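Dear colleague,

I am handing over the structure below, and I would be glad if you could look through it alongside the notes that follow.

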Amino acid sequence: MVWIFVYIEWQIFHLATTENPNLGVWFMPVTSIIIFGTIGYWLSQSFLAR
């Protein structure tokens with residue numbers, strides 16, 4: 001999660017200093033997979049621990 005925020009901060013600086021700003025097509029799907037994958041993993045672990 002920390003690396004996602006590091007990348008976002010770097011992109012904010014990069015987007016502010018270039019003429020053609022974009023985050024890339026892959027940013028949103030990869031970020032969503034990481035976030036929801038982590039949530040799913042911890043939910044499954046919590047249900048198995050009961």
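Trp26 is partly exposed in this predicted model, with a relative accessible area of 47%, which places the residue between the limits of 20% for buried and 50% for exposed. A search of the whole structure finds five aromatic pairs; in one of them the ring centres of Tyr7 and Trp26 lie 5.6 Å apart with their planes at 45 degrees, so this pair is tilted. The two residues are 19 positions apart and join distant parts of the chain, since Tyr7 belongs to helix H1 (residues 2-17) whereas Trp26 sits in the loop between H1 and H2. Tyr7 is likewise partly exposed, at a relative accessible area of 22%, and together with Trp10, Trp26 and Phe27 it forms one aromatic cluster.

As for the overall fold, the secondary structure consists of two helices and zero strands. The radius of gyration is 15 Å, well over the 10 Å that the globule rule gives for 50 residues, so the protein is more spread out than a compact globule. The C-alpha trace spans about 55 × 20 × 10 Å along its principal axes. Of the 50 residues, 8% count as buried, and carbon and sulfur atoms account for 74% of an accessible surface of about 4500 Å².

Thr38 and Met1 are 37 residues apart in sequence, and their C-alpha atoms are 9.5 Å apart in space.

With kind regards

How values were computed:
Residues are numbered from 1 along each chain as its sequence is written. This is a predicted model: local features need pLDDT of at least 70, side-chain atom pairs count only at pLDDT 80 or more; totals for chains, interfaces and linings use all residues. Side-chain values use heavy atoms; hydrogens and water are left out. Rings of Phe, Tyr and Trp (its six-membered ring) pair if their centres lie within 6.5 Å; planes under 30 degrees apart count as stacked, over 60 as edge-to-face and the rest as tilted. Helices (H or I, at least four residues) and strands (E, at least two) are DSSP runs, numbered from the N terminus. Buried means under 20% relative accessible area, exposed over 50%, partly exposed in between (1.4 Å probe, protein chains only). The radius of gyration is taken over C-alpha atoms; the globule rule is 2.2 Å times the number of residues to the power 0.38. Accessible areas come from the Shrake-Rupley method with a 1.4 Å probe; for residues, only the protein chains shown count as cover.
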